[in-house]
Amino acid sequence: MNSSVMNTYNRYPVSFKDGNGAWLTSEDNKQFLDFSSGIAVNILGHNHPEINKTFEMQANKIWHVSNLYTIPEQELLAKKLCELSFADKVFFCNSGAEAVEGAIKIARKYHSFNGNAQKNEIITFKNSFHGRTLATLAAASNPLHTEGFSPIPNGFLNIPLNEDSLKKSISDKTAGILIEPVQGEGGINPVSNEFLSLIRKLCDENNILMILDQVQCGMGRTGKLFSHEWSDIEPDIISLAKALGAGFPIGAILTSEDVAKGMQPGSHGSTFGGNPVGCSIALKVLELIEKDDILSNVKDLSEILISELDKLVKKHHNKISNVRGKGLMIGVDCIEKNSVITDEAFKNGLLLVNASNNVVRFLPPLNISETEIFEAIKKFDETLSNLDI
Ligand SMILES: *Cc1c(COP(=O)(O)O)cnc(C)c1O
């Protein structure tokens with residue numbers, strides 16, 4: 001197709017005209033079971049009646065006002081996010097990259113505000129993904145993503161994810177340590193509780209801020225609202241986006257009172273950030289996660305999905321080799337090329353997502369049913385069998 005849209009994506013030859021829960025209908029009336037959720041975005045599935053109603057109600061009241069004025073929906077959402085977490089203050093933006101970039105700015109500002117302007121370096125980890133702005137590209141330092149975009153901002157130290165490298169990398173210049181508690185794009189790699197505790201300890205000892213990028217693993221994806229709740233640590237800053245608006249673009253940065261002190265009027269901003277429609281929807285999403293006991297569903301169905309995938313690893317051991325993840329953020333290591341498997345799954349009506357290191361991701365909506373999990377397993381089994389022909 002000769003498209004006028006810039007050629008930055010490899011796209012499947014399909015468009016969807018309708019969605020319902022975990023199902024999508026294509027223009028040519030094929031049904032697809034959506035285990036990609038718009039890459040961990042549509043946590044409550046497509047066309048959720050209560051979210052649609054919230055959207056309509058807010059759209060009929062007011063769409064956008066500037067941050068020159070108080071936005072009540074923003075106040076309510078910030079209050080709710082603080083009640084549900086360690087945080088005391090929230091900044092709203094529109095996307096994951098903005099949430100991470102803002103987190104980096106807040107960490108640097110914290111130290112300069114406290115008279116430690118030399119503390120401006122952020123330690124990050126190999127195999128991570130933090131977004132596509134120049135600073136977030138610099139943070140992840142993935143050569144595939146930075147190629148051709150020089151000069152890349154400095155101030156980042158990208159290191160292997162282990163205790164030795166981390167201890168060696170900390171210096172008087174370290175402002176923050178930025179990590180995804182479960183690496184998403186990097187291939188679904190949960191970081192151990194021990195490593196998170198080590199980061200917390202080193203941060204406390206060295207006046208460093210612990211920044212958790214939960215853009216993908218936050219909002220209930222792992223079975224806890226925030227993925228660090230699986231450990232006993234609390235971070236200083238969290239970045240959120242993807243599932244926060246369950247499909248409506250909104251991002252957020254959560255911090256403690258102390259960390260937010262340096263962020264005074266004029267220090268940061270966003271025209272669209274904290275838009276009334278986005279905030280109303282995110283508030284409804286949080287309400288539904290509680291009301292519908294979504295986190296229990298994630299935990300229950302996670303066990304089933306993992307054990308069924310483990311069976312498929314045994315059955316198709318020449319094509320897939322290992323299953324790992326947390327909650328409904330599951331990765332399968334492939335022996336066959338991952339894109340060959342996801343392409344075949346697509347033909348078979350199952351939407352999955354590739355990740356780095358030859359991994360296939362299962363990211364179903366968090367309100368998925370047991371029947372749909374088994375349906376996906378059946379389709380994945382058939383998909384792997386079809387690859388023999
Ligand atoms: C997707 C993602 C981002 C970037 O989010 P965008 O909304 O695409 O800018 C950042 N961090 C993580 C962990 C992500 O998964």
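The questions and answers below go through a predicted model and set its computed values against the cut-offs behind the words used for them.

Q: Why is Q214 called buried?
A: Q214 has a relative accessible area of 0%, and since the word buried is used for values under 20%, Q214 is therefore counted as buried. This residue is found in the loop between β10 (209-213) and β11 (237-240).

Q: What makes H228 buried or exposed?
A: The relative accessible area of H228 is 5%, which is to be set against the limit of under 20% for a buried residue, so H228 is called buried. H228 lies in the loop between β10 and β11.

Q: Why is the pair of side chains of H228 and Q214 called a polar contact?
A: The side chains of H228 and Q214 are joined at 3.0 Å, and a pair of N or O atoms must lie within 3.5 Å to be given that name, so the distance meets the cut-off and the pair is a polar contact.

Q: What makes S267 partly exposed?
A: S267 has a relative accessible area of 22%, and because buried means under 20% and exposed means over 50%, the value falls in between and S267 is called partly exposed. S267 is in the loop between α9 and α10 (276-291), and its C-alpha atom is separated by 20 Å from that of P153, with the two residues 114 apart along the chain.

Q: What is the phi of S37, and why is S37 called buried?
A: Phi of S37 is near 50°, again a positive value in a residue other than glycine, and S37 is found in helix α1 (residues 37-40). Its relative accessible area is 0%, and because the limit for buried is under 20%, S37 is buried.

Q: Why is H111 called buried, and where is its place?
A: H111 has a relative accessible area of 0%, which is under 20%, so the word buried applies to H111. Its place is in helix α4 (residues 96-113). The C-alpha atoms of H111 and P151 are separated by 25 Å, although the two residues are 40 apart along the chain.

Q: Which peptide bond is cis, and what is its omega?
A: The peptide bond from S150 to P151 is cis, with omega near -5°. P151 is placed in the loop between α6 (143-146) and β6 (156-159).

Q: How do you know which residues are around the ligand?
A: A residue is counted as near a molecule if one of its heavy atoms lies within 4 Å of it, and the residues around the ligand are S95, G96, A97, F129, H130, G131, E180, D213, V215, Q216 and K242. By class, this shell has three nonpolar, five polar and three charged residues.

Q: What makes a space a cavity, and how many does a search of the whole structure find?
A: A cavity is a space where a 1.4 Å probe fits but cannot get out, and the search finds one of 30 Å³ or more. About 40 Å³ of space lies in the largest cavity, and its lining is made by P181, V182, V191, N193, L196, S227, W230 and K326.

Terms used: Residues numbered from 1 in each chain as written. Predicted model: local features only at pLDDT ≥ 70, side-chain atom pairs only at ≥ 80, totals over all residues. Heavy atoms only, no water. Nonpolar A, V, L, I, M, F, W, Y, C, P; charged D, E, K, R; others polar. Helix = DSSP H or I, 4+ residues; strand = E, 2+ residues; numbered from the N terminus. Buried < 20%, exposed > 50% of the residue type's maximum accessible area, 1.4 Å probe, protein only. 1 Å grid on protein atoms, 1.4 Å probe; cavity = no way out; pocket = protein on both sides within 12 Å on 5 of 7 lines; lining within 4 Å. Points joined across faces, edges and corners; volume = space filled by probe spheres on them. Polar contact = N/O pair within 3.5 Å; in protein donor to acceptor, adjacent residues only side chain to side chain.
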